[in-house]
Amino acid sequence: MGAPVQVVWLKRDLRVRDHRPLVKACEVAAHGGPPIVPLYVFEPSYWAVREHSAPQLAFIVECLDALREELRARGGDLFVRVGELPEVFEALHRERPFARLLSHRETGARVTFDRDQRVEAWCEARNVPWEESDQTGVVRRLASRDGWAARWTKRMRRPLLPAPEHVPVPGDVDGGRLPTADALGVTPRTLVERQPGGEREGLATLKSFLRVRGANYRADMSTPNAGWTGCSRLSPYLAFGAVSMKRVHQEAERRQQALKRKQRDGRLDDARWLASVASFRSRLSWHCHFMQKLEDEPALEFQNMNRAFDGLREDAHDEATRRARLEAWRAGRTGYPLVDACMRCVAATGWLNFRMRAMVVAFASYQLWLHWREPAVHLAGCFLDYEPGIHFSQMQMQSGTTGINALRIYSPIKQTRDNDPEGAFIHRWVPELRALPAAHLDKPWETPPLLQRQLGVVIGADYPAPLVEHASAYREAKQKMLAARRRLEARAASENVMRRHGSRKRPRRF
Ligand SMILES: Cc1cc2nc3c(=O)[nH]c(=O)nc-3n(C[C@H](O)[C@H](O)[C@H](O)COP(=O)(O)OP(=O)(O)OC[C@H]3O[C@@H](n4cnc5c(N)ncnc54)[C@H](O)[C@@H]3O)c2cc1C
């Protein structure tokens, strides 16, 4: 058995800047303490979960490549292992005993929560102190939501930690090799225009958003066209911790203060910036607000947040209808062009703006009347930025199973007119409709049959006829939801949910 080491366990925190566990370990090492093993573990059980995908893996690998470079520039290195936990720790511990284990606290799905519990038991059994640091505004074992927003702001204003200057690592521990998708049993898949992983990429994305791209954010964020460059596109960097939420918050706050100063001095060239940065800052607080819900109630990954909605959708269709609807939605073949364009876009690129994510989920939940769980798994596997805490809470909110949020049943017809009036997005992602002029893209089935034949776009042959009729499906869903919400149990349970999860700052507005 060799000399002890400090293990910095890297999870969703793939950076060197503003990394408390790394800084803490380096401080101890600088005072004669043990060297550091910055360790990332690829767990086959994590990669076997359907929500995790080859593009997410590729993004993580790029983040790790970048991290290795940063660590080497500081005299350190990155250590990689493939295997389950705590077995990987046990093997390393036998080689070099852990003086302590340091990591960020993770708000994850069941698979990582269970893993963390096994690690905790292992640490206890081996007498290894495990020091966890917070990296978001999420609070573990939160007793009440009262005062949460103030606490979030306080955490976000803590000073940023510079990257350590020197990271001493043991010279005789094998660095390990980054695995391929195949080796982890992940189905290979590549994305179009995927965002590259890495801390510097994340920092550059933040800078370009706050300085150049974000001027029209407030308007751009609703449309899938302008949103592509007008949204911050920080989500995968935040999800895998390539940039810290604290840094994003502080830079946005600094930018806002600078803009206000310019406005006061009459030097503000583009007034749109002020509203855009304010809007961006409020979204940043939503990030942790939604993650806190899963932290407080891990069961909402699998079951309705408000149990009064149990049974509403589960057995609504026979199995063949349920499967056909789910498959058409997943494949982007519902007959509603904007829904189909979104589903194809997210599968191909890994990203969609918030409004379109909300619309496709609402369409599956209301018009198609499907339970949210299968759509949630499918979308998680599509999103490059899959973040369980945001994802499952949003899925429940957009399908109306919280009981505390306003019912939002989007009309894909209206959304087409509002957010893709020229049809650019639909034409890109639904090529079989390219010959159809924009004026017909909201309701292609109403295009006169002669014109359909002349254009070579026959609805029902070249492109599906609508899977359900929007107006009647909308009415039916609304009636069912309102009836469910009227039920006494729903009201009682809603109060319960509101107490546990509601935003105290601005109740009922998300
Ligand atoms: C059904 C559904 C599922 C979602 N799943 C995820 C997910 O798995 N991972 C994820 O990061 N976001 C998720 N979102 C939230 C949101 O759509 C994305 O964060 C956003 O589209 C990412 O693009 P952006 O970074 O350019 O966002 P911007 O609009 O630039 O926002 C900046 C950041 O604020 C946070 N944010 C923005 N909107 C929200 C929101 N509504 N709720 C919580 N945080 C928000 C994100 O961290 C985002 O990166 C989901 C939304 C819905 C409706």
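Reply: In strand E3, Val82 is the bridge partner of Phe42. This is a predicted model, in which local features need pLDDT of at least 70 and side-chain atom pairs count only at pLDDT 80 or more, whereas totals for chains, interfaces and linings use all residues. Residues are numbered from 1 along each chain as its sequence is written. Strands (E, at least two residues) and helices (H or I, at least four) are DSSP runs, numbered from the N terminus.

Strand E2 (residues 36–42) and E3 run parallel and are joined by 4 bridges; two strands pair if DSSP finds at least two bridges between them. Strands of a sheet pair through backbone hydrogen bonds, either parallel or antiparallel. Here the pairing is parallel, in an open sheet of 5 strands with the order E3-E2-E1-E4-E5. Strand E3 (79–82) and strand E5 (130–133) form the edges, each pairing on one side only. On average, neighbouring strands of this sheet are turned by 25 degrees against each other, direction ignored; the axes are lines fitted to C-alpha atoms, for helices over the stretch in contact, and angles run from 0 to 180 degrees between N-to-C directions.

Pro86 sits in the loop between E3 and helix H4 (87–95), and a cis peptide bond with omega of about 15 degrees joins Leu85 to Pro86. Arg141 is in the loop between E5 and helix H6 (148–156); this residue is not a glycine, yet has a positive phi of about 50 degrees. Most residues other than glycine have a negative phi, and most peptide bonds are trans.

Across their boundary, 10 residues of domain 1 are in contact with 9 residues of domain 3, contact meaning that the C-beta atoms, placed from the backbone, lie within 7 Å. On the domain 1 side, helix H3 (residues 54–72) gives the largest share, 3 residues. That side divides into 3 nonpolar, 4 polar and 3 charged residues; Ala, Val, Leu, Ile, Met, Phe, Trp, Tyr, Cys and Pro count as nonpolar, Asp, Glu, Lys and Arg as charged, and the others, Gly among them, as polar.

The ligand lies between domain 2 and domain 3, because both give residues to the shell around it.

Finally, the chain averages a pLDDT of 95, and 97% of the residues score at least 70; pLDDT is the predictor's confidence in each residue, from 0 to 100. Over residues 506–510 pLDDT stays under 50. Where pLDDT is low, the predicted coordinates should not be read in detail.

Conventions: Two residues are in contact if their C-beta atoms, placed from the backbone, lie within 7 Å. Domain bounds come from an automatic or database domain assignment.
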